[in-house]
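Please brief me on this protein model. Start with confidence and layout, then go residue by residue.

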Amino acid sequence: MSAPWNGSKGRADASVHDIVLGFRRSPNRLDHILRDIYFAHMPTVHCSRCGQDRDQMAFQPFQNDLGKRAFEEICSVCWAEWLKTQQQLINHYGLNLREPKAKEFLFQNMEQFLFSRVGS
Ligand SMILES: [Zn+2]
């Protein structure tokens, strides 16, 4: 048994347990351990915008139906493109995100940007 997290069969909480143990034993190794887990669990999504199988975005961006749909159907590449476009819209129109109307405007543009299939 070369590492404490190998050979821990049948323990559902093994990974969390071992991160804590590993951190206590050698705190400077935590980065490596977390990075391994990050890549191991990176899910892909068949993106409904670009049509490719790519990395899913890291987390659901907001807690509503559109956020859920974006998280489930849009890849991280397209999401990054939207974030760039969103910033341009905010700058161009001088949007204040604390105003409900500004948010509504951005959500409408987001839905169009992510889900309208131009030419299909
Ligand atoms: Zn995509």
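**Briefing on the predicted model**

The mean pLDDT of the protein is 80, and 62% of its residues reach 70 or more; pLDDT is the predictor's confidence in each residue, from 0 to 100. Over residues 6-12 the pLDDT is below 50, and this stretch has 4 contacts in the model beyond near neighbours in sequence. Two residues are in contact if their C-beta atoms, placed from the backbone, lie within 7 Å. This is a predicted model: local features need pLDDT of at least 70, side-chain atom pairs count only at pLDDT 80 or more, and totals for chains, interfaces and linings use all residues. Residues are numbered from 1 along each chain as its sequence is written.

**Layout**

- The protein has 5 helices and 2 strands. Both kinds of element are DSSP runs numbered from the N terminus: helices are H or I with at least four residues, strands are E with at least two.
- The order from the N terminus is α-α-β-β-α-α-α.
- Of contacts with a separation of 6 or more, 33% join residues 24 or more positions apart.

**Burial and core**

- Of the 120 residues, 7% count as buried. A residue is buried if 20 or more other C-beta atoms lie within 10 Å of its own, exposed if 12 or fewer, and partly exposed in between; the C-beta atoms are placed from the backbone.
- The largest nonpolar core has 7 residues: C47, M57, A70, I74, C75, C78 and W79. Such a core is a set of buried Ala, Val, Leu, Ile, Met, Phe, Trp, Tyr and Cys residues joined through C-beta atoms within 7 Å.
- Core residue A70 touches P61, W79 and L114, not counting residues up to four places away in sequence.

- P43 sits in the loop between α2 (30-40) and β1. P43 counts as exposed because it has 7 C-beta neighbours inside 10 Å.
- P43 and A58 are 15 residues apart along the chain, and their C-alpha atoms are separated by 9.0 Å.
- T44 belongs to strand β1 (residues 44-46). T44 has 12 other C-beta atoms within 10 Å, so T44 is exposed.
- Leaving out residues up to four places away in sequence, T44 touches D53, R54, D55 and Q56.
- T44 and I74 lie 30 residues apart in sequence, with 9.8 Å from C-alpha to C-alpha.

- P61 lies in the loop between β2 (53-55) and α3. P61 is partly exposed because 17 other C-beta atoms lie within 10 Å.
- Beyond its neighbours within four places in sequence, P61 is in contact with G67, A70 and F71. P61 and F71 are 10 residues apart in sequence and 7.2 Å apart, C-alpha to C-alpha.
- E73 is in helix α3 (residues 65-73). E73 has 16 other C-beta atoms within 10 Å, so E73 is partly exposed.
- E73 is in contact with V45, C47 and S48, setting aside its neighbours within four places in sequence. The C-alpha atoms of E73 and T44 are separated by 10.0 Å, across 29 residues along the chain.

**Helix α4**

- Helix α4 (residues 76-93) has 18 residues and reaches 25 Å from its first C-alpha to its last. That is close to the 26 Å expected at 1.5 Å a residue, where the expected span is 1.5 Å times one less than the number of residues.
- G94 follows α4 and has a positive phi, near 60°.
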